[in-house]
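Please read the following tutorial dialogue alongside the model.

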Amino acid sequence: MDLSFARAVTEPLVHAFTQAGHSLYLVGGSVRDAILGIDSEDLDFTTSARPDEIESILSRLGGPIWDMGRDFGTIGTILRDQNEQWRIEITTFRADAYLEDSRKPVVKFGDRIEDDLIRRDFTINAMAVDMTDGSLVDPYRGQVDLLEEVLRTPSTPEISFTDDPLRMMRAARFAARFGFRPVPEIIAAMMAMTDRLAIVSRERIRDELSKLLLTDTPRVGIDILVRTGLADQFLPELSAMKLEVDEHHHHKDVYEHSLTVLDQAIALEKQRNHSPDIVNRLAALLHDIGKPKTKRLEPGGKVSFYHHDVVGAKMARTRLAELKYPKEVIESVSELIGLHLRFHGYGEGQWTDSAVRRYVRDAGQELERLHILTRSDCTTRIRAKADRLRRAYEELEWRIDELAAQEELDAIRPDLDGNQIMEILDIGPGREVGLAYSYLLERRLDRGPVSVEEATAELRTWWEAQQ
């Protein structure tokens, strides 16, 4: 475990706490990541000093100080080493616990590092390094669990999850992020304690869900949440997608299909050099949540899901709002779900230039995300069909690029603006200007751009017909 980077930058910090008569430990994820060889931008410490003492000690170092949550014992600062800087959080030894009906933990400060570590979520995060001599404090065999790639709690899972129920979701995230296997006791406790999540705020649940979705392999964690029933507490639409598949396979397993679409969307993000995008991933996971409500058995045994795109968009909007996602995320995800079927029919060559323009216009700023979602939504195992869909969408993207180069599709507007319309028709601001603008926009989408003279003639003809 290489902690030379931490020792170099924290030497003044360690000296200041030692001089004040307090211990200082690097703790939690910082130690875990150091053992795994993962770079960490933030360093978390714990100490015997109380919050006021921490602030007093940090003030001697001359850096900025901020109160991360004095009631929770955490004070933050920044340490600088030549051209680098490190965000530092220092917390008093703690022993938090939730009351039965409270959404906020009751904070109790402690005096021993071992008492602090046993209250942490998992053994892999219940290790500390004594900054005075570099020794590893690992009373709960976290290093062994790291090597064996298992998730275990320092105390019993029941105690750990009672202290903070969000840890059940965190178990799913760590399983996805590190590929670790939760021990059976953890899975059993998650299944037995799902109702406990109700005391956790929607914001904390949202943040934990987003962290899971932004890992490279969220499928593993999502499946744990669904299998244990925990997902039903905040996103019941996931397990609802586990529709029974009849013996003739008249429809796909919607749940498994959605996880595959999520996998493929993540792969496309990487291929297109995009950063992990919560909008892409929510849209991929939820794009078919309208299917259970729209499932119909048709004559001949066929199954249909008419308008599941529209229904799903509304359902996603409601659920994401309940989870307190930002308005812009909610709008983007619901728009993508509402548009994800628009591509169907293109493969038969039915799209005119006008249809392509409308596709771009309706997608707006979500066009690239719609490309990713639509491509990812192809999960057929029939190679010929998959190749045909891939070629069709490649052609559509090529046509969009070609038209964009000719017509500036990213900013489609009528050939005349509002001021020109009022001048030509000799009218003032009002409803008629809006109607004229909409007419010219539809004409622009139908036949592409024309000269000002042609647009003026079209406008006059339309206006005469309105009189």
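**Contacts, strands and cores**

Q: Which residues does Glu208 touch, not counting residues up to four places away in sequence?

A: Contact means heavy atoms within 4.5 Å. By that criterion Glu208 touches Leu166, Met169, Arg170 and Arg173, not counting residues up to four places away in sequence. This is a predicted model, in which local features need pLDDT of at least 70, side-chain atom pairs count only at pLDDT 80 or more, and totals for chains, interfaces and linings use all residues. Residues are numbered from 1 along each chain as its sequence is written, and side-chain values use heavy atoms, with hydrogens and water left out.

Q: Is Glu208 buried or exposed?

A: Buried means under 20% relative accessible area, exposed over 50%, and partly exposed in between (1.4 Å probe, protein chains only). Glu208 has a relative accessible area of 4% and is therefore buried.

Q: In what sense do strand β2 and strand β5 pair?

A: Strands (E, at least two residues) are DSSP runs, numbered from the N terminus, and two of them pair if DSSP finds at least two bridges between them. Here β2 (residues 42-47) and β5 (residues 84-92) are parallel, with six bridges; Thr47 stands opposite Thr92 in β5. Strand β4 (residues 74-81) runs antiparallel to β5, joined by eight bridges, and Arg80 stands opposite Gln85 in β5.

Q: Which residues touch the most other members of the largest nonpolar core?

A: A nonpolar core is a set of buried Ala, Val, Leu, Ile, Met, Phe, Trp, Tyr and Cys residues joined through side-chain atoms within 4.5 Å. The largest has 103 residues, and Ile222 and Phe234 touch the most other members. A second, separate core of 11 residues includes Met422 and Trp462.

Key. Helix = DSSP H or I, 4+ residues; strand = E, 2+ residues; numbered from the N terminus.
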